[in-house]
Amino acid sequence: MEVYGIFRDLAIIIVFAKFFGVVARKCKAPQVVGEIIAGLLIGPSMLHLVELSDFLTGMAEVGVVLLMFSAGLETDLKELMKTGPIAFLIACMGVFVPLVGGTLLYMGFYGAAPWGSENFFKAVFIGVIMTATSVSITVQSLKEMGKLKGKIGTTILSSAIIDDVIGIIVLTFVIGFKNPESNPGKVVLNTILFFALALVVGYILYRIFRKLDDRYPHTRRIPIMSLALCFAFAYIAETYFGIADITGAYVAGIILCSMRDSSYIDEKMEVSSYMIFGPVFFASIGLKTVIDTIDSKIVLFSIGFVLVALLTKIIGCGLMAKICRFRNQDCLKIGVGMMTRGEVALIVAQKGLSVGLMTPVYFTAVILLIICSSISTPILLKLLYSNDRFGE
């Protein structure tokens with residue numbers, strides 16, 4: 001590929017991704033769905049306008065790291081502590097039930113696999129994809145109904161934050177165990193050491209960044225240093241601990257999320273992420289998605305994937321909410337509110353592809369899940385609230 005061909009590819013990706021992103025938003029679907037469809041359209045499966053090069057793969061990796069850094073920055077630790085115990089229990093069950101459900105679904109289609117085998121980890125990874133929760137659609141729906149600040153809205157929001165943290169930890173373990181040379185004890189030790197280091201070093205860095213923020217408030221040097229921290233943690237996590245780079249980026253965001261200027265940092269990150277790195281990442285998923293090898297088995301698997309992913313979230317989160325003494329109607333609201341999937345599911349799937357835990361054809365199932373959950377969640381929430389005579 002000629003050097004300057006990258007500019008042509010980037011121009012095509014940005015134009016198509018943004019156009020289809022706007023179309024998706026007009027159709028009340030997440031913008032990322034449009035960007036993925038754009039990648040599918042311009043990729044080898046259809047128009048052959050762009051091929052995924054090493055350069056675009058590298059840009060996509062930067063994009064996913066920035067997305068996870070922003071997710072960490074947007075975490076509200078105070079809210080997390082306030083609703084902590086109940087939200088933690090709901091999140092744990094909201095991870096466990098989909099994890100088991102996804103694993104059993106894969107084994108049901110492709111046969112049971114013994115512990116430690118390649119197929120076993122592929123089955124578990126399907127469950128890991130299902131653990132991710134994206135409540136942006138839920139938040140918007142609850143805002144429109146004036147229910148976001150209520151007990152149910154706060155519980156959903158806090159549970160979703162904890163859910164993603166647990167999901168990333170599970171992903172870290174699965175990727176670590178998948179390596180045939182890995183020692184289970186070493187994987188556990190490395191994970192514990194990384195999070196212990198993140199806790200100690202993170203607190204020190206937080207104090208340093210807070211002093212810098214007090215001295216140079218709302219200046220560009222703070223986001224620049226924050227970006228350096230994001231990349232440093234991503235590199236350290238992957239290189240020295242064998243942990244996914246996205247975990248390191250997410251932790252970096254958590255470290256800085258309580259700063260006064262965290263929203264300012266996120267705003268600056270959003271510029272580059274929204275304009276170029278984000279579209280390249282989501283379009284790259286479309287570029288990698290293979291549709292010419294889709295057969296009836298994959299279609300059936302995708303339908304099963306969607307149904308299991310939606311139902312296991314409702315069952316897992318709703319059941320724990322019931323144990324925590326929420327009313328039946330509220331349990332259902334929490335379960336439905338937690339079933340939306342979005343960017344994090346795609347990020348996890350992308351990571352699985354890069355380490356050989358899944359093949360591109362399964363992106364079809366993930367994309368279908370995002371579309372179905374994004375459409376059904378607002379409708380179901382409105383129905384549940386309209387049928388609740390007592391409101392909240």
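A salt bridge here is a side-chain nitrogen of Lys or Arg within 4 Å of a carboxyl oxygen of Asp or Glu. Everything below comes from a predicted model, where local features need pLDDT of at least 70, side-chain atom pairs count only at pLDDT 80 or more, and totals for chains, interfaces and linings use all residues. Residues are numbered from 1 along each chain as its sequence is written, and side-chain values use heavy atoms, with hydrogens and water left out.

**View 1. D214 and R260 pair up in a salt bridge.** The closest N and O atoms of the two are 3.6 Å apart. D214 sits in helix α9, while R260 is in the loop between α11 and α12 (262–288), so this pair ties together parts that are 46 residues apart in sequence. Helices (H or I, at least four residues) and strands (E, at least two) are DSSP runs, numbered from the N terminus. D214 is partly exposed at 49% relative accessibility, and R260 is exposed at 56%. For those words, buried means under 20% relative accessible area, exposed means over 50%, and partly exposed is in between (1.4 Å probe, protein chains only).

**View 2. K351 meets both E61 and D245.** Side chains of opposite charge can pair when their charged atoms come close. The E61–K351 salt bridge spans 3.8 Å, N to O. E61 belongs to helix α3 (residues 54–73) and K351 to helix α15 (residues 343–354), so the two link parts 290 residues apart in sequence. In the D245–K351 salt bridge, the closest N and O atoms are 3.2 Å apart. Since D245 lies in helix α11 and K351 in helix α15, that pair ties together parts 106 residues apart in sequence. Through shared partners, salt bridges join E61, E238, D245 and K351 into one network. D245 and K351 are buried, K351 with a relative accessible area of 8%, whereas E61 is partly exposed at 23%. The whole structure has nine salt bridges.

**View 3. The second largest pocket holds about 550 Å³ of space.** On a 1 Å grid over the protein atoms alone, a pocket is an open set of points with protein on both sides within 12 Å along at least five of seven lines, and lining residues have an atom within 4 Å of a point. Grid points are joined across faces, edges and corners, and the volume is the space filled by probe spheres set on the points. Of its 20 lining residues, A198, L199, V251, I254 and I255 are the closest to the centre. Helices α4 (77–82), α8 (151–178), α9 (184–215) and α11 (245–256) each give two or more residues to this lining, with the largest share, seven residues, coming from α9. The lining has 16 nonpolar residues, four polar and no charged. Here Ala, Val, Leu, Ile, Met, Phe, Trp, Tyr, Cys and Pro count as nonpolar, Asp, Glu, Lys and Arg as charged, and the others, Gly among them, as polar.

View 4. L227 is in helix α10 (residues 221–240) and is partly exposed, at 27% relative accessibility. The C-alpha atoms of L227 and M269 are separated by 7.9 Å, though the two are 42 residues apart along the chain.

Definitions and conventions. On a 1 Å grid over the protein atoms alone, a cavity is a set of points where a 1.4 Å probe fits but cannot get out, and a pocket is an open set with protein on both sides within 12 Å along at least five of seven lines; lining residues have an atom within 4 Å of a point.
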